[in-house]
Amino acid sequence: MPKPVLAIVGRPNVGKSTIFNRIVGERVAIVEDLPGVTRDRIYSSGEWLNREFNLIDTGGIEIGDEPFLEQMREQAELAIKEADVIVFIVNGREGVTSADEEVAKILFRSKKPIVLGVNKIDNPDMQEQLYEFYSLGMGDPIGVSGAHGIGLGDLLDEVVSHFPNEEEDDYDQDTIRISLIGRPNVGKSSLVNAMLGEERVIVSNIPGTTRDAIDTPFTKDGQEYVLIDTAGMRKRGKVYESTEKYSVLRALKAIERSDVVLVVINAEEGIIEQDKKIAGYAHEAGRAVVIVVNKWDTLEKDDKTMQKFEQKIRDHFLFLSYAPILFVSAKTKQRLQHVLPKVEQVSENHNLRVPTNVLNDLVMDAVAMNPTPTDKGRRLKINYVTQVAVSPPTFVFFVNDPELMHFSYERFLENRLRDTFEFEGTPIKIIARKKNE
Ligand code: GDP
Ligand code: GDP
């Protein structure tokens, strides 16, 4: 597999070249730039934690007489097109500028992993300058000093963590990765076959690569999907014995590689303890979840059967209260046509980004409605809220004392978020952090 590519973007003078040179360990030859000619990207290689990667010198496209924002846009677009991970460098001494916000907007659209490095944090007591960069909505800013070589290890740790898995997975960012998990015999193979047999589903088969042997990429209505770890599921019988022991490790790995996990339950048998455990993995991994109750054809039904079954699921899977439930039959194909649209929708919710101002308005209203808790005479004070990540949506609440954020109040805030925005199918993370003044 090709080496992952890293790009460094940011305004002029924030310290990109300095950091670039640190990362490649001064091994880059100085490339003579013929004015107006050499607009080609320059690759250098770097290595961290035994992962080799290529670094694009996007600085090479800073051409003198183009308007500043145009240059930034070109730089960002090159990074988006070429890189697996983008490092966005800002200047910790200047704070967030409107140009930073412009670049952030362009970068967001890419859906590529972005690591935010705040440069020129030359000594530890400058750490608090980091906080205002949360407002860029790019997750935890990492303080670095290119000039002094501080913090670059943390930055690279984060970068490497976003590299595509070495063994597999170089699907496009827009591809929705789906895995089906559940006990043996619940009908996972049958569901896979039935879904792939649906109208307008086009299964792409590029033989010869390992990844296709375990995953099944397909397209429906212009949306690309891949079924993760379908090895054996598509061919039934000897290859995949339904009595095969359910491999927890294999399921965990599939979950980790997925955007959306279909938790499959057998309607005929009802819910058993093991189902809960399996579903718990998906929840803890922060994946979007759809509960699929299969073999719905086997039940004698009246007008309350579905409602009762749903209640049973809700009672057993308290932690998955956000997950939609579909009642289907792989055998009769009943309601199978709803599975992919639901997957597409929860995947969208999993990637939903709430603008910071809307978020803060909502939270202030919520606090007015239901005052924050107190403990020993001290009241929780929420200063500022920002969404720091998607998949799953993650919100950082800057507060006077994180200890005062009780579970029940966190629940209340989560519910307010869910009432206001479309978060069906996705877990939400709420993190309370102390506001450093
Ligand atoms: P770029 O062209 O935007 O990538 O920025 P450069 O790497 O050329 O750096 C711009 C200026 O910032 C130079 O004068 C650097 O010496 C200075 N600089 C770079 N990194 C740091 C740092 O970590 N701390 C301080 N104080 N200055 C830095
Ligand atoms: P897996 O072990 O989870 O992959 O389950 P399989 O897909 O191998 O299915 C196990 C058994 O259940 C097979 O005999 C299937 O024919 C049967 N089965 C799967 N889906 C349905 C369904 O929707 N209705 C009925 N009645 N049987 C099903």
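Modeller: A polar contact is a pair of N or O atoms within 3.5 Å; within protein, one must be able to donate a hydrogen and the other to accept it, and residues adjacent in sequence count only if both atoms are side-chain atoms. This is a predicted model, where local features need pLDDT of at least 70 and side-chain atom pairs pLDDT 80 or more, while totals for chains, interfaces and linings use all residues. Residues are numbered from 1 along each chain as written, chains are lettered from A and ligands numbered from 1 in written order, and side-chain values use heavy atoms, without hydrogens and water.

Biologist: Which residues come nearest to ligand 1?

Modeller: N13, K16, S17, T18 and D122, out of 15 around ligand 1 (a heavy atom within 4 Å).

Biologist: What does the backbone of G15 do there?

Modeller: A backbone N or O atom of G15 sits 3.0 Å from a ligand 1 oxygen. For S17, a polar backbone atom is 2.5 Å from an oxygen of ligand 1.

Biologist: And which ligand atom does the N119 side chain approach?

Modeller: A nitrogen atom of ligand 1, 3.1 Å from a polar side-chain atom of N119.

Biologist: How much of ligand 1 does the protein bury?

Modeller: 69% of the 570 Å² that ligand 1 exposes when taken alone (Shrake-Rupley method, 1.4 Å probe).

Biologist: Different topic. Which residues of α12 are buried?

Modeller: Y409, F412, L413, E414, L417 and R418 (under 20% relative accessible area, 1.4 Å probe, protein chains only).

Biologist: What covers them?

Modeller: The cover includes helix α11 (356-369) and strands β16 (382-389), β17 (394-399) and β18 (429-434). Helices are DSSP runs of H or I, at least four residues, and strands of E, at least two, numbered from the N terminus.

Technical notes:
Buried < 20%, exposed > 50% of the residue type's maximum accessible area, 1.4 Å probe, protein only. Contact = heavy atoms within 4.5 Å.
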